[in-house]
Amino acid sequence: MTEIPSNQENQVTTGATIWLTGLPSAGKTTIAYELAGRLREEGHLVEVLDGDEIREFISAGLGFSREDRHTNVQRIGFLAELLARNGVKALVPVIAPYADSREAVRKRHQESGAAYIEVHVATPVEVCSVRDVKGLYAKQAAGELKGLTGVDDPYEEPESPDLRIESHTQTVQESAAALHGLLNERGLA
């Protein structure tokens, strides 16, 4: 009988992709990191695939045309599905503005049997522009930036996400708890 190392005895290896879509500054990444901490405490393998980091390291050279955005989402979706199939909870806080791109990622997961949860962080653009974590809304208003998702570039809201979080009406902890609750319901946490 093989002895399990003590640091792995409580490890949960049911993988899944949890895709958090929403406008810039909606709270996607903040919620993802809050949930990641909670899941790690419970023994889950977790990776946060932050859209900004992916653009820097995996999708460097891509612009923000519809085609480039689609390519970026597909690359992230492939990586997330690979992680999910191998027992990791892949938390993906990425805008993914186009419904067809998100649907292609969902289909890839369905075909492989990997669990996929779509979460719409439904923060109104007015709230996002006040939060303006990266200064994008200010740059757009000053004419220094064109193609800002939800302002002068489209954002296609999910019609029927697995969960809709209105981060402007609850705390980060409450948002992460709602998502954790859904994962529990689906047997993923």
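Predicted model: local features only at pLDDT ≥ 70, side-chain atom pairs only at ≥ 80, totals over all residues.

Visitor: What volume does the largest pocket have?

Guide: About 750 Å³. A pocket is an open set of points on a 1 Å grid over the protein atoms alone, where a 1.4 Å probe fits, with protein on both sides within 12 Å along at least five of seven lines. The volume is the space filled by probe spheres set on the points, which are joined across faces, edges and corners.

Visitor: How many residues line the largest pocket, and which lie nearest its centre?

Guide: The lining has 36 residues, those with an atom within 4 Å of a point. Pro 24, Asp 52, Ile 95, Lys 134 and Leu 136 lie nearest the centre.

Visitor: Which helix gives the most to that lining?

Guide: α1, with four residues. Helices are DSSP runs of H or I, at least four residues, numbered from the N terminus.

Visitor: Switching topic. At what angle do α1 and α7 cross?

Guide: Roughly 60 degrees, with the axes coming within 9 Å. Axes are lines fitted to C-alpha atoms over the stretch in contact, and angles run from 0 to 180 degrees between N-to-C directions.

Visitor: Which residues of α1 meet α7?

Guide: Thr 30, Ile 31, Glu 34, Leu 35, Arg 38 and Leu 39, by heavy atoms within 4.5 Å. Among their partners in α7 are Val 172, Leu 179 and Leu 183.

Visitor: And the second largest pocket: how much space lies there?

Guide: About 170 Å³. Helix α4 (residues 99–112) gives the largest share of its lining, four residues.

Terms used: Residues numbered from 1 in each chain as written. Heavy atoms only, no water. Helix = DSSP H or I, 4+ residues; strand = E, 2+ residues; numbered from the N terminus.
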